[in-house]
Amino acid sequence: MTDYRTVFGSLEDYAKGGVQIVDDDPKYYAFSNIFEVASQAAPYEKIAVGKNLEYVLEAIRAEGTSEWRATPHDEFALVMDGTVRIELFDPSAELVDPSAGGSVTLGGEPEGNPMGTVTAQRGHMTMLPAGKAYRMHCDGVGVVLLQTIEGPDTVFRWADICQTF
């Protein structure tokens, strides 16, 4: 019996990996490494590393403090590396069109009431609730994988980040 070992990467220690196609056409597959993508990204740039219909997975380099953002739908932030503090805020007025996709940057501090702060470490997932505002902070450098809907700030760099054959 073969022993399998799961290895969890980080920004400082990851293996690029790849996809081995056995009996299919490689043009149907894409492969990217979230740690490699985040290592080459600007802080809080939202780079799509996966897409299914309107849904995307965005790799985010968490470094310093992000701007405040608001989302019309729930998002899920999975911390893949580092420790990320997420401030949640209940705005006194609607900040984003409820029918829009993705989160949007706010022009400054939102008005309303603080909801609390989540400190998430590697492997922790935090829900970013619909209609609320949030911002992230990381003292060092971290990686967040954000499950969301494609929005105006989603960056697509398939040609740069995907494995080619």
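User: What is the relative accessible area of Glu-150, a residue that counts as partly exposed?

Analyst: This is a predicted model, in which local features need pLDDT of at least 70 and side-chain atom pairs count only at pLDDT 80 or more, while totals for chains, interfaces and linings use all residues. Residues are numbered from 1 along each chain as its sequence is written, and side-chain values use heavy atoms, with hydrogens and water left out. Buried means under 20% relative accessible area, exposed means over 50%, and partly exposed lies in between, with a 1.4 Å probe and protein chains only. Glu-150 falls in the partly exposed class, with a relative accessible area of 33%.

User: Which residue forms a salt bridge with Glu-150?

Analyst: Side chains of opposite charge can pair when their charged atoms come close. A salt bridge here is a side-chain nitrogen of Lys or Arg within 4 Å of a carboxyl oxygen of Asp or Glu. For Glu-150 the closest N and O atoms are 2.9 Å apart, and the partner is Lys-51.

User: How many residues apart in sequence are the parts that Glu-150 and Lys-51 tie together?

Analyst: Helices (H or I, at least four residues) and strands (E, at least two) are DSSP runs, numbered from the N terminus. Glu-150 lies in the loop between strand 9 (133–149) and strand 10 (154–155), whereas Lys-51 lies in strand 1 (residues 46–52), so the separation in sequence is 99 residues.

User: Which residue pairs with Lys-132 in a salt bridge, and in which strand does that partner lie?

Analyst: The closest N and O atoms of this salt bridge are 2.9 Å apart, and the partner of Lys-132 is Asp-90. Lys-132 itself lies in the loop between strand 8 (125–128) and strand 9, so the pair ties together parts that are 42 residues apart in sequence. Lys-132 is partly exposed at 23%, and Asp-90 is partly exposed at 29%. The partner is therefore Asp-90, found in strand 5 (residues 83–91).

User: In the salt bridge between Arg-61 and Glu-63, which residue counts as buried?

Analyst: The two side chains meet with N and O 2.8 Å apart. Glu-63 has 31% relative accessibility and counts as partly exposed. At 15% relative accessibility, the residue that counts as buried is Arg-61.

User: Which residue is linked with Glu-87 and Glu-109 in a network of salt bridges?

Analyst: A search of the whole structure finds eight salt bridges. Glu-87 and Glu-109 belong to a network of salt bridges together with Arg-135.

User: Is Leu-53 buried or exposed?

Analyst: Leu-53 is found in the loop between strand 1 and strand 2 (55–65), and its phi is near 55°, a positive value in a residue other than glycine. With a relative accessible area of 66%, Leu-53 is exposed.

User: What is the phi of Tyr-44 near?

Analyst: Tyr-44 is found in the loop between helix 1 (34–39) and strand 1, and this residue is buried, with a relative accessible area of 15%. Phi is positive here, in a residue other than glycine, and its value is near 65°.

User: What share of contacts between residues at least 6 apart in sequence join residues at least 24 apart?

Analyst: The protein has two helices and 10 strands, and of its 165 residues 40% count as buried. Contact means heavy atoms within 4.5 Å. Among contacts between residues at least 6 apart in sequence, the share that joins residues at least 24 apart is 79%.
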